[in-house]
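Subject: Structure handover

Dear colleague,

I am passing on the structure below. My notes on it follow.

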Amino acid sequence: MGDAGSDPEQWGDSPADEDSDGWGDRASDDAGDLDSGSVEGASAADVSEEPGVTATGDVARDDATPDDTPHDDADGSQPDATREATVPDRYVQVDAFDMPEVAAADAGLGVIAVATADGRIDLITSGDRRRVTRREGAIDVAVADRVYALTDTELEAFSHAGSRVWGVDVTDGRSVDADPDNDRVYVRTGDGEFVVLEGRTGIEAGRFDQPHADVAESPAVAVADGRLAVASWSFLTVLDSSGSLLDEQTLSGAVTDVGLLPGRAVVSLKDGQLVGYEGDERLWGLDGDASWLADAGIAALAARVAGSDFAVDTDGNRRPLDGVSGTPVAATPALDLVCTAGSGTATVYAAVGQGDESVGVRIESESVRPADPTVVLALTNEGDRAVEVDVTVGAEGAEVASSTVSATIDADATQRRRVSLQELSGDEVTVTAAVGEESVERTLEVQEETTALHVDAVLERVEDGVLSAAIDVENEGETTVTGVTVGETTVGILDPGDAERVPFEQDLPSGTVAVRADGVDPLEAETAVPTTPTAIDLAVESDGFLSVTLRNETPVAVDDEVTVEGVPDEDGSFSMPASIPANGAYRLALPVASPGERSVTVETSGGRVSERLSLARCSLLGEPSTGGDAGRTGAGGGGRDATRSRGRSTGRSSTGSRPVGGGEEVVPVSMDRQFPSEPPRRGDVFEERLVVSNESAEPVEFELRTDDGAYAQRLKVRASGQAVGTRYHVPLESTLSLPRVELEHEGGVTSLPPTDLSVDDGDLVATITWRRDDARDGGELSVSLESDEGTWEVKDAVVGGERSAPIDARVSPESPAHVTVTTPYTLRDEVSKAFVRARRVDDRSPEEDEQQVNTLVVHESVTDGDDDRVDDLSVEVESDSRVERGFGSVFLSVTNDGSRPVAGVSVDADGPHVEKAMYADGEDGERIAPGSSLRYLVDLEGVEAGEEVVVDVEVTAGEAATRAAVSAVADEDGAVESGDWSLDVETDESGGPSRLSTQYE
């Protein structure tokens, strides 16, 4: 949950992007601003399936960051330290791109964060980079499980995907360092203090004095393993996270930098020496011109010595970083990734090995064209680090231009190579490709020449002056098209009927995108959006409110940040995100709290527009001691007209809370709950915003909680500031019920009541549950599919940016479906984002329109085995049940009438005539598939003539039960015919969730 000016995630309605998690997060929305250079050694046709890398170094979108630590193993554990604790033998360049002057850089496990002088903060992994945020005036940056950006007024934490997690006020901050080993962030201030924060929450964990703060020069600081090393002038001090002294020594010269190894501290001195210490003992020294030193290392520290790059281990031994060129700005502790920068270019190097055994090869082409006889090979590295590999290629019915193809492939990535053929001699060509011991063969048809490409542009949204869009390219011809490029992105080959969607970004004003292919005239896709899509209207209303209207007259939604100066008083200021729909408007009603003529300024950051208005207006709010009109206090108040408060994010159900007191104490905080203006739809993601406004002149720390027990957290809001929490829901029933929200501060409590909203029918409704798959890495998705309208063909589910195994289900209102598929993704949170890719195939929708249905995925622990649904079970008496001369049997059939499996079923029977009961046919109820049944046998004895026979049956699944009374009256012979049995059923509904919800973020 962040305060005003946060970067909330947007739930775009754009179609799925195959290289992203499809949620439109800010993680990579600006990535296209980095002008990409070419990757050394890669041919123009190379394409990498690892998100972020193409042969030309272009940026592909990668919003898919399921967890904030990119290189965690699939089971959620940290990477194997024994594997990491080695110095790599060699490096290869995996990326190169334009980068302005570097303002700050830091490295964590498998990731590097870089802040540039123009306000960009980027995250770099092996062959992938993404924009985390834009922050003008960034002083320093640090990275661990979060990315931490320090400005002169604030420290902000972002997820690796780019979502703003929290922000705290910082006075005169000078540097920030993060320690992933104990979740601590250290901010050094100009007052000679270290402020220690919890990395996860931003809550202050302590503060202590900076050692030797009287020294004029800024100290060098490094953190790792719960230690904080501070090197000032000629002093080296090592502290623990509480500020307690561990070691201190006086150095033999002035220090320039410091780094930490396990049990060691290493300093570089102004005379060029590198010196290693264990405690207060000097262990070794290296002479040389040391100009740069990494902050932390596991087996060794990266260092720049005498113009070359080395790894220096705990004993002072150094080994060249073979293949790395240039001055590093950061290196990961495991030395698996090094980033250098210079002359406006950043270069990324990854550790590499030889990997024939870990690389698989396949031939993707199905045919060849005489005009361009090329074959595409796909090489997949299934290992855990980058490898170099050679592929041997042969052909029958043609000659191969080059019989050997070389590639450098990142871990868990696929690269494609094009192989040229010559002298085609028939109607078919048989191609073989071998890597190590593995060999594949494929026979390809030689096709006639007919080609036709169709190009469409899909404009998605504008955020901070950057257009996100996609170009659809489809081969409508009868032969394969090769050499397809969209702008600077290589698509490669399109077979007849195939289509490709290429995401891209452009700074405004946007124009056209060129599409080219071998043997096809160049095409253009139109993407024109003007530089300033946002206009601002200001007006003062008679009741003392300032009306702000942001207008968007373009056919694409605009996400921006609006800043208001001069309200509620002359010194007032706040910023907040604004989302303006296509050809729509966003409105704010802001209170004017003090009289007098002054200038009010409203600006947008991405739209680059501003307006000013002179005010001479009194506020009509109540006195501050009464809390005023709480529903209208601050931006986004919902008292007078909730729909004016927050554009897309508010609507008919907005509610506010007044500050209230406990005894004599007054809670100086009000809350407002805001929803979209349109009713939620079943199965569609629904956004709830909780706006907390601090009306006092001091920061307020409080506890926020929901009465359903799903959320409780201590938070802090700056003086006269706001915090905006975003929570997402998926309604599954006709009513959406949201719990009471309480805020407690110093004994006083203010609250928002429970809220019920009516829910409209949806289209495709997908309910997804994740469970661990013990047989492999990743997990298993239980996917239930229903349709409120239309017939759908479902392709797959995407969780954390990872596609599941194919679903291949057809769903209509009369025909729901349930499938269980594997996923390579490990769900670490209780609830996370997901979507399914589907195509509506009834007459009311073009068959080619693939859609993305945004939903949530829940861990099986959330629903406590939601497949244990007794209400899906029906009980019947089978026709062969009968009693003769006082003895007989009742056969019961328990059937799963639902669309998903029911697990943990138990059947029991009792009654005065029950002799024994058991499962028939050797079955039990451990798991009943949809449409399947199990049989249960009840043996009876001692039935007298005219006596009523009653069998009480209980069928349980999970915590719920179905109770059935089977009864009949015996005739004068003590017999009961099969058709004489009656059945009375009473079911306790299992109470499946009416909604799925995330935490407030």
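The accessible surface of the chain comes to about 39900 Å², and 41% of this belongs to carbon and sulfur atoms; areas come from the Shrake-Rupley method with a 1.4 Å probe, and for residues only the protein chains shown count as cover. This is a predicted model, in which local features need pLDDT of at least 70 and side-chain atom pairs count only at pLDDT 80 or more, while totals for chains, interfaces and linings use all residues. Residues are numbered from 1 along each chain as its sequence is written, and side-chain values use heavy atoms, with hydrogens and water left out.

Overall

The chain has 2 helices and 85 strands; these are DSSP runs numbered from the N terminus (helices H or I, at least four residues; strands E, at least two). Of its 1001 residues, 56% count as buried, where buried means under 20% relative accessible area, exposed over 50%, and partly exposed in between (1.4 Å probe, protein chains only). Among contacts with a separation of 6 or more, 59% are between residues 24 or more positions apart; a contact means heavy atoms within 4.5 Å.

In strand β16 (residues 220–224), 5 of the 5 residues are buried, so the strand is largely enclosed by the rest of the structure. Both of its faces are covered, with Ala 220, Ala 222 and Ala 224 buried on one side and Val 221 and Val 223 on the other. β16 pairs with β17 in the antiparallel sense over 5 bridges (two strands pair if DSSP finds at least two bridges between them). Ala 222 has Ala 229 in β17 as its bridge partner. The two strands, β16 and β17, form a hairpin with 2 residues between them, and Asp 225 in the turn has a positive phi of about 55°.

The loop between β17 (227–232) and β18 (235–240) contains Ser 234. Ser 234 counts as buried, at 14% relative accessibility. Leaving aside neighbours within four places in sequence, Ser 234 is in contact with Gln 249, Thr 250, Leu 251 and Gly 253.

An open sheet

Four strands make an open sheet with antiparallel pairing, in the order β20-β21-β22-β23. β20 (255–261) and β23 (281–286) are the edge strands, each pairing on one side only. Strand β22 (residues 274–278) is joined to β23 by 5 bridges, and the two run antiparallel. Leu 274 stands opposite Leu 286 in β23.

Aromatic rings

The structure holds 3 aromatic pairs. Rings of Phe, Tyr and Trp (its six-membered ring) pair if their centres lie within 6.5 Å; planes under 30 degrees apart count as stacked, over 60 as edge-to-face and the rest as tilted. One of the pairs is Phe 194 with Phe 208, which is tilted because the centres are 5.7 Å apart and the planes are at 35°. Phe 194 lies in strand β14 (residues 193–198) and Phe 208 in strand β15 (residues 204–209), so the pair ties together parts 14 residues apart in sequence. Phe 194 is buried at 0% relative accessibility, and Phe 208 is buried at 10%.

Another is Tyr 919 with Tyr 936, with centres 5.2 Å apart and planes at 80°, so this pair is edge-to-face. Tyr 919 is partly exposed at 26% relative accessible area, whereas Tyr 936 is buried at 4%.

Regards
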